[in-house]
Amino acid sequence: MTATTQPTERELGRARRRKEDARLITGRTRWTDNISLPGMLYMAVVRSPLAHAKITGINTDAAKALPGVLGVFTAADLGAEGISLPCAWQITPDMKSPKAPPLAVDTVHFAGEGVAVVVTRDAASAEDAVEAVQVEYDPLEPVLDMEAALADGATLVHPDLGTNRNALWVFDSAEAGSGGDVEQAIRDAEIVVKRRFRQQRLIPAFMEPRSVVVDPTGEQLTMWSATQVPHILKTMASLTLGMPEHKVRVIAPDVGGGFGGKLQVTPEEALALLVARRMGKPVKWTETRSESLLAAHHGRDQIQDITIAARRDGTVTGLKVELIADMGAYLRLVTPGIPILGAFMFNSIYKFPAYRFASTNVFTTKTPTDAYRGAGRPEATFAIERIMDELAAELGRDPMELREQNWIKHEEFPFTTVAGLTYDSGNYEAATAKARELFDYDGLRAEQRRRREADDPVQLGIGISTYTEMCGLAPSRVLGALSYGAGGWEHASIRMLASGKVEVVTGVSPHGQGHETAWSQIIADRLGVPFEDVEVLHGDTQISSKGLDTYGSRSLAVGGVAAVKAADKVIEKARKVAAHMLECSEADLDFIQGKFTIKGTNRGVTIQEVTLAAFTSHNFPEGMEPSLDSDYTFDPENFSFPHGTHLCAAEVDTETGWVTIQQYVCVDDVGTVVNPLIVEGQVQGGLAQGIAQALFEEAIYDEGGNLVTGTLADYLVPSAADLPHFTTDRTETPATTNPLGVKGVGEAGTIASTPAVVNAVLDAVRHLGVTNIDMPCAPQRVWRAVQAARGAAKSTSEHTTETAAGGGLGSIDAQGGTQ
Amino acid sequence: MTRITVMVDGVSYVDDVEPRTLLVHYLRDKLGKTGTVVGCDTSNCGACTVHLDGRSVKSCSVFAVQVDGSEITTIEGLARDGQLHPMQQAFHDNHALQCGYCTPGMIMQAIDLLGDNPDPDEQTVREGLEGNLCRCTGYQNIVRAVLDAAEKMKPAVRAQQQPSTVVGGGI
């Protein structure tokens, strides 16, 4: 056995550099597209160039005649007409669900939908074959505008459903008993502000394109996929495609980002499986970036009508939220539930006495939407933080002061909100105080006044976002109450190896988050073993047999806690063995830093010695299990509620519309921190995506329903040159609902930053008469808003100015984004 | 098919390639250099960046036949004598990667950037990396890593510093 020194330095809170990096910085990576198997075939998808059309003929002869082509298949050829891809969330009993076959059967419902697949000997031949498949279409009217889609007489995306309305989902605090009647609150209000906000359509744009390899030659069919959810994929593949669950093994090898975009059971995964079974050979499909932007699910896309009621003194009295949410053409895994994940968050950190939320979900002939970083909660945070600024403007109050007046004070926790959630902990005052100090709030306000008085062409705006979010998805009983198709638990197991090394198996499935490092720290601390002695295993259903994967900032708050609880079971088993070894009673043993010691003596055994004793088990008494291995399935009792204060100072050039973020400060409270390096990285990356929504990104369709932002030249994922330096800091208010005190950090930056930036842009030009600019706040949109406001100010006293749409950074197309 | 002779990561290869084969596909599919990855199809993302005769190129925008007689370095050939390149080390030290998909291209481009300007300021680094997209990090730690590497690669500093982490070691 290797001699081991017990560590003395605490791992939790330590800025460990990541274990994962060694392979990633040297190119020793295992992306799905790297996999090459003997006899492997290549699959490519023939996609519809039209948004809505009848398929009148598919001629595959020319494609089949090409060298290297082994097959061309339609839905009918694959027997896939009756298959429907899964949607796990029936949000209302009367929700309308269209059939969602992996290939279009007789009608295409969005541009980019698969119509046929080609199977070839090599990847290049597959691209040639796709070009050679001739499909004839009879075009139908595309359905692009959500409100028009809901009107009587609208063209129906799925005529068999009789409507384009997927569902109407309502939460009303008066009905729920968690608050008053919002209509009454609005009638009684001294001031009512109503605004319409637009959540533009976004694309997750993970850097690794999706890829899947299916090997049907073993006893278990093996599927490698660039997925966030190998466990869900296994179960759903089995339920959907008629494979017995124990005959499927799913592996998520190295996965290059996801952001919700790989939280899916995709048509291509189903197709690769069907084709591999048919051909009896391994099959690989890897998408191009253009395919990814076109056909992988999109995110956001809501019209938000927000009404806030308040007293003249600024006390908020009611909030009404009416959403129209675009499902796109089909329901994917959690599509209809995305707006619902925001339903409990619009009231945010404020003490509203009355609240109503209603989401009307609608089908259009666009790419299906689903989870994108934050999933429902960025939409909620944006709306509430924007309307709080609008209320402050109406009242002539400082927006920070108005927030302070209405938020939950730190001594009021735990606090049950008007949406029925109980926030266990938080300290909004502390986070805000720290952020203000780092930001020089008062100094920047003075600078803003100076520029306004001087009528400086470059104006300065200050944007605030004091957010909270619900993380750690999720207590199974809550998911049950929301009619979700699964629980929210997470699983972990710990294997104590003979040499004293430790394998931790987790059911979460990292794709960049650094779980291998963080879980090693957690378990090293708990078991008192060296960090280097812990190996974290994940992402292969043969190794990690049970799990619900990674999304919703759940991995640490649910999966990390499961690992802790499994470690505690290891210690309890080890205590029995140690007592036997030391010939004492279990009650006489202390377990400190990896060693069982008889109280009041220095006699003891290390956990490694106990593990070796269990391995040999030569003199174990009858009934003592010769193993310390343990597992645990943890179901959280509540969500966790990270919060924070984000402050953005933005310069707006009123002559060009150009927005420059001059300063960005955020102070986040994500509870106890396992690894500050990783937490900071998550916040910074989250900020980039939230800022990108505010300033750069938009999936734009033309009037024919074609995506015109189908490359990375058109869909503006920001580069290093487009983003500012961020000042990030933290306060730590531990969660009280889990033993680690952690809350989750994956989505915080994205959720908080978008409204902070847009509030800053508006704050810079509000004095000119601008009250709204749709996202992304691209130069042309900002410039037009300023021009329109100046024109309006000259001709009338009317101050409300809605802006024309415009593309993102660098776009000169004023037509974009109108759909 | 066209015959090419090319040195990749210190090894000489002679291969027949199709005229339309891109360098990145040659590296990945023929040579198994899967450390270099494909992130887009319009040369926007930079994930496939390698060094061609000492300068960075996006290997998706070069045909394999064009590199006949040339020397290519990929992320897999960067470490020397078992030691990480200072840029690799700096990416690790500064937590400049999360999912790691953009990392090979980002590191290769960052080295090229320092070749042009061994002592850049933050803005120069940001502009020098403009052709390489990362979706995870928000770039802050990447910029920090490049500035850190620039500092450590200065001749006076190099002479004093500790050897960097051994390739493949548990860093």
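This dialogue reads some features of a predicted model.

User: What needs stating about numbering and confidence?

Analyst: In this predicted model, local features need pLDDT of at least 70 and side-chain atom pairs count only at pLDDT 80 or more, while totals for chains, interfaces and linings use all residues. Residues are numbered from 1 along each chain as its sequence is written, with chains lettered from A and ligands numbered from 1 in the order in which they are written.

User: How many helices and strands does chain B have?

Analyst: Helices (H or I, at least four residues) and strands (E, at least two) are DSSP runs, numbered from the N terminus. Chain B has 6 helices and 5 strands, in the sequence pattern β-β-α-β-β-β-α-α-α-α-α.

User: Why does the radius of gyration of chain B agree with a compact globule?

Analyst: The radius is taken over C-alpha atoms, and the globule rule is 2.2 Å times the number of residues to the power 0.38. For 171 residues a compact globule would have a radius near 16 Å, and chain B agrees because its radius of gyration is 16 Å. The C-alpha trace of chain B spans about 50 × 35 × 30 Å along its principal axes.

User: How many residues of chain B are in contact with chain A?

Analyst: Two residues are in contact if their C-beta atoms, placed from the backbone, lie within 7 Å. Here 48 residues of chain B are in contact with 40 residues of chain A. On the chain B side, α2 (86-93), α3 (103-116), α4 (122-128) and α5 (140-152) each supply at least two residues.
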